[in-house]
Amino acid sequence: MRALQFFFFAALVGFHPCPLLRGALSNGATYPISFIDIDGHKLSTADGSVTVLVLATIPDREKVRVVGDSVPDYCLGNPNYRMITIIRFTNKHTVIGRKIATALVKRRANDSAKRLQSKYDAKKISRDARSDIFIVTDFDGTVSSQFDNSAQATSFRVLVFARDGKLLAQWTDVPSAKQLAGVLK
């Protein structure tokens, strides 16, 4: 019986390899993907800015902060560069739960803006830091599934897109500041 189960499993895997690879992103390919952030901004990976995009869940909050801190100084306050965080909620939320979660995300964004504003002030960048923080909430998986339909869609990822939406680099963990700077140059 076990041999028969193994045979059927091997046969299914042999005949259906595509679902295992479906949705994988390839460096060098163009992905003009659009979404709306918590402040109502319409954003796209192909709208003229170099984009550092972080796909994360709530427990990944510290990793997101480390990625943000690793962005080179020449990107700070520069409208040609931006970082967008997509927060993938893994649990189902009611309408009220979504509103509460979004309010909490906005509060954390405001706290992050205060930290970023101190960097701006130290570098004499006369710009409101909060206007440079972009966060997208993904309660049902529709946003993150645009980037990847596989199991990786719910895991932590960092993607860097060129101005035209071409994928320049991707990581499944926090890249070093040197790696990030090498792609953003």
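Student: Why is aspartate 173 called partly exposed?

Tutor: Aspartate 173 has a relative accessible area of 42%, and buried means under 20%, exposed over 50% and partly exposed in between, with a 1.4 Å probe and protein chains only as cover; therefore aspartate 173 counts as partly exposed. Please keep in mind that this is a predicted model, in which local features need pLDDT of at least 70 and side-chain atom pairs count only at pLDDT 80 or more, while totals for chains, interfaces and linings use all residues. Residues are numbered from 1 along each chain as its sequence is written, and side-chain values use heavy atoms, with hydrogens and water left out.

Student: What makes lysine 63 and aspartate 173 a salt bridge?

Tutor: Their closest N and O atoms are 3.7 Å apart, and a salt bridge is a side-chain nitrogen of Lys or Arg within 4 Å of a carboxyl oxygen of Asp or Glu, so the pair qualifies.

Student: Why is arginine 82 called buried, and which residue does its side chain meet in a salt bridge?

Tutor: Arginine 82 is called buried because its relative accessible area is 12%. Its side chain meets that of aspartate 47 at 2.6 Å, N to O. Aspartate 47 lies in the loop between β2 and β3 and arginine 82 in strand β4, so the two join parts 35 residues apart in sequence. Aspartate 47, at 38% relative accessibility, is partly exposed.

Student: Which other salt bridges can you describe?

Tutor: The side chains of aspartate 39 and arginine 130 meet at 2.9 Å, N to O, and this pair links distant parts of the chain, 91 residues apart. Arginine 130 is buried because its relative accessible area is 16%, whereas aspartate 39 is partly exposed at 35%. Glu62, Arg65, Asp69 and Lys119 are linked in a network of salt bridges, and the structure holds eight salt bridges.

Student: Why is isoleucine 96 called exposed, and where does it lie?

Tutor: Isoleucine 96 is called exposed because its relative accessible area is 59%, and it lies in helix α4 (residues 95-122).

Student: How is the lining of the largest pocket made up by class?

Tutor: The lining has 20 nonpolar, seven polar and 12 charged residues, where Ala, Val, Leu, Ile, Met, Phe, Trp, Tyr, Cys and Pro count as nonpolar, Asp, Glu, Lys and Arg as charged, and the others, Gly among them, as polar. A pocket is found on a 1 Å grid over the protein atoms alone, as an open set of points where a 1.4 Å probe fits, with protein on both sides within 12 Å along at least five of seven lines, and lining residues have an atom within 4 Å of a point. The largest pocket is lined by 39 residues, of which Val64, Met83, Thr85, Ser112 and Ile133 lie nearest its centre, and α4 gives the largest share of the lining, nine residues.

Conventions: Helix = DSSP H or I, 4+ residues; strand = E, 2+ residues; numbered from the N terminus.
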